[in-house]
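Biologist: I would like to learn how to read a model of this kind feature by feature. Could you take each idea in general terms and then turn to the case at hand?

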Amino acid sequence: MERSFKITASEGIHARPATLLVSSATPYKADVQLTYNNKSVNLKSIMGVMAQGIPAGAIVTISAEGPDEAELLNKVEEVMVTQGLGEKC
């Protein structure tokens with residue numbers, strides 16, 4: 001299961017947005033990946049997410065697999081939209 005987002009935060013995904021995304025994904029059991037420029041990282045890893053260097057305007061895909069994948073993706077989408085980080089594609 002996956003969803004794509006266009007990053008709308010003017011500074012892209014830097015430390016604060018990365019922390020919000022990682023914190024939203026961590027409580028769930030499902031495995032979750034963030035993919036940007038054909039490189040995937042664990043969305044539960046702050047260092048992995050920050051290492052992506054995701055700029056404003058980028059398209060990222062969040063994919064999840066596991067028992068609570070739908071709930072996890074709903075939470076990530078909620079954080080993306082309500083925190084002004086991105087919009088669903």
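Biologist: Is Pro27 buried or exposed?

Modeller: The general idea is a set of cut-offs on relative accessible area: buried means under 20%, exposed over 50%, and partly exposed in between, with a 1.4 Å probe and protein chains only as cover. Pro27 has a relative accessible area of 65%, so it is exposed. The residue is found in the loop between α1 and β2, where helices (H or I, at least four residues) and strands (E, at least two) are DSSP runs numbered from the N terminus. The C-alpha atoms of Pro27 and Ala70, which are 43 residues apart along the chain, are separated by 13 Å.

Biologist: Before we go on, what should I keep in mind about the origin of these values?

Modeller: This is a predicted model, in which local features need pLDDT of at least 70 and side-chain atom pairs count only at pLDDT 80 or more, while totals for chains, interfaces and linings use all residues. Residues are numbered from 1 along each chain as its sequence is written, and side-chain values use heavy atoms, with hydrogens and water left out.

Biologist: Where is Pro17, and which residues is it in contact with, leaving aside its neighbours within four places in sequence?

Modeller: Pro17 has its place in helix α1, and at 1% relative accessibility it counts as buried. Contact means heavy atoms within 4.5 Å, and, with neighbours within four places in sequence left aside, Pro17 is in contact with Gly12 and Leu85.

Biologist: Which residues have a positive phi although they are not glycines?

Modeller: Asn37, with a phi of about 55 degrees, is one of them, and Asn38, with about 65 degrees, is another. Asn37 lies in the loop between β2 and β3 (39-42), and Asn38 lies in the loop between β2 and β3 as well. At 61% relative accessibility Asn37 counts as exposed, and Asn38 counts as exposed at 81%.

Biologist: How should I read the nonpolar core, and which residues touch the most other members?

Modeller: A nonpolar core is a set of buried Ala, Val, Leu, Ile, Met, Phe, Trp, Tyr and Cys residues joined through side-chain atoms within 4.5 Å. The largest one here has 26 residues, of which Leu21, Leu43, Ile54, Ile62 and Met80 touch the most other members. The elements giving two or more residues to this core are β1 (2-7), α1 (15-25), β2 (31-36), β4 (59-65) and α3 (69-82), and the largest share, five residues, comes from α3. Not counting residues up to four places away in sequence, Met80 touches Phe5, Ile7, Leu21, Val60, Leu85 and Gly86.

Biologist: What does Ala64 touch, again not counting residues up to four places away in sequence?

Modeller: Ala64, which lies in strand β4 and counts as buried at 3% relative accessibility, touches Met1, Asp31, Val32, Glu69, Leu72 and Leu73. Ala64 and Leu43, 21 residues apart in sequence, are 9.5 Å apart in space, C-alpha to C-alpha.
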